[in-house]
Amino acid sequence: MKSLVMRGTFNRKEINTYIILLSAPVLLTVYRYHGMAEHFYRYFPDMQAAPLAGFYSVLWQFLSFFVLTFFVPLLFVKTRLHRPLVDFGFGLGDAAFGFKLLLISIPLLIVPLAFFASGMPDVRNEYPLSRALFAHHDLIFWYEAAYIIFYYIAWEFFFRGFLLFPLAERFGGMDAVLIQTISSCLVHLGKPEAEIMGSIVAGIIFGVIALRTRSFWYGFVLHAGIGVLTDLFVLFFPR
């Protein structure tokens, strides 16, 4: 009887690559069915009637995403791969190019894009994720800080760091960019259509930037800038 695993289709030396590839569907599925705000009350049923329960459920979503896409991959890097974090985009890389890119992109692209997006009805219905911010402006700073630290840093490390750099070594840069773009796009399903389509373009652009600069931090600033500014424009610029 022939082996179900044909010769040449499985290479034990590539086991780390297989784990990295599988981390996307596994971790993101766990996030979708356990870490989203809607699942908060499953684990904390007594909080459902609490004041600001919706606000805390979104913080739960951010923290869940951080544990799954930052802490777990980081643990794998340190205990299994034994490689320096700079290999996964943690350093500043080509800082001269990166900071120049930010100085140009933020005023000319990010601010106008966020302002335009904030005027779209479906985006205004979606963001900010915590609707409590409309009535509680005192929570905006803490919400956005959690958004940046637990969500956007984790996002960029996972897609444009943990997935991108080792897969670029194995399959080549463009293939790695497309793999992480597919994964990051799927997380957006259920979001406004324009955002989903934009996530494909952004995934490719931020992936290319990460490879060019050897760092995910520049894409992080751009990505977080779009998210935070969109929230602020929705909150303070009614249309």
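The model is predicted, so to speak of its local features a pLDDT of at least 70 is needed, side-chain atom pairs count only at pLDDT 80 or more, and totals for chains, interfaces and linings use all residues. Residues are numbered from 1 along each chain as its sequence is written, and side-chain values use heavy atoms, with hydrogens and water left out.

Let's start inside. In soluble globular proteins, nonpolar side chains tend to be buried together. Here, the largest nonpolar core has 49 residues, and Phe 65, Tyr 151, Phe 158, Phe 162 and Leu 163 have the most contacts inside it. A nonpolar core is a set of buried Ala, Val, Leu, Ile, Met, Phe, Trp, Tyr and Cys residues joined through side-chain atoms within 4.5 Å. Buried means under 20% relative accessible area, exposed means over 50%, and partly exposed is in between (1.4 Å probe, protein chains only). Two or more residues each come from helices H1 (15-35), H3, H6, H7 (173-187) and H9 (217-236). Helices are DSSP runs of H or I with at least four residues, numbered from the N terminus. Which helix gives the most to this core? That's H6, with 18 residues. A second, separate core has seven residues, including Leu 101 and Ile 209.

Ser 64 sits in helix H3 and is buried, at 13% relative accessible area. Its side chain reaches the backbone oxygen of Trp 60 at 2.8 Å.

Leu 63, Val 67, Phe 71, Val 72 and Leu 75 make a nonpolar surface patch of about 410 Å². Patches like this use residues with over 30% relative accessible area and no salt bridge, with nonpolar side chains joined within 5 Å; a salt bridge is a side-chain nitrogen of Lys or Arg within 4 Å of a carboxyl oxygen of Asp or Glu. Leu 75 lies in H3, residues 53-81, and is partly exposed at 44%.

Finally, the backbone. Most residues other than glycine have a negative phi, and most peptide bonds are trans.

| Residue | Phi | Loop |
|---|---|---|
| Leu 52 | about 60 degrees | between H2 (40-43) and H3 |
| His 82 | about 50 degrees | between H3 and H4 (95-118) |

Leu 52 is partly exposed at 26%, while His 82 counts as exposed at 60%. The peptide bond from Tyr 127 to Pro 128 is cis, with omega near -5 degrees. Pro 128 is in the loop between H5 (121-126) and H6.

Terms used:
Patch = residues over 30% accessible without salt bridge, like charges linked within 9 Å, V, L, I, M, F, W, Y side chains within 5 Å. Areas by Shrake-Rupley, 256 points an atom, 1.4 Å probe, with all protein chains shown as cover. Polar contact = N/O pair within 3.5 Å; in protein donor to acceptor, adjacent residues only side chain to side chain.
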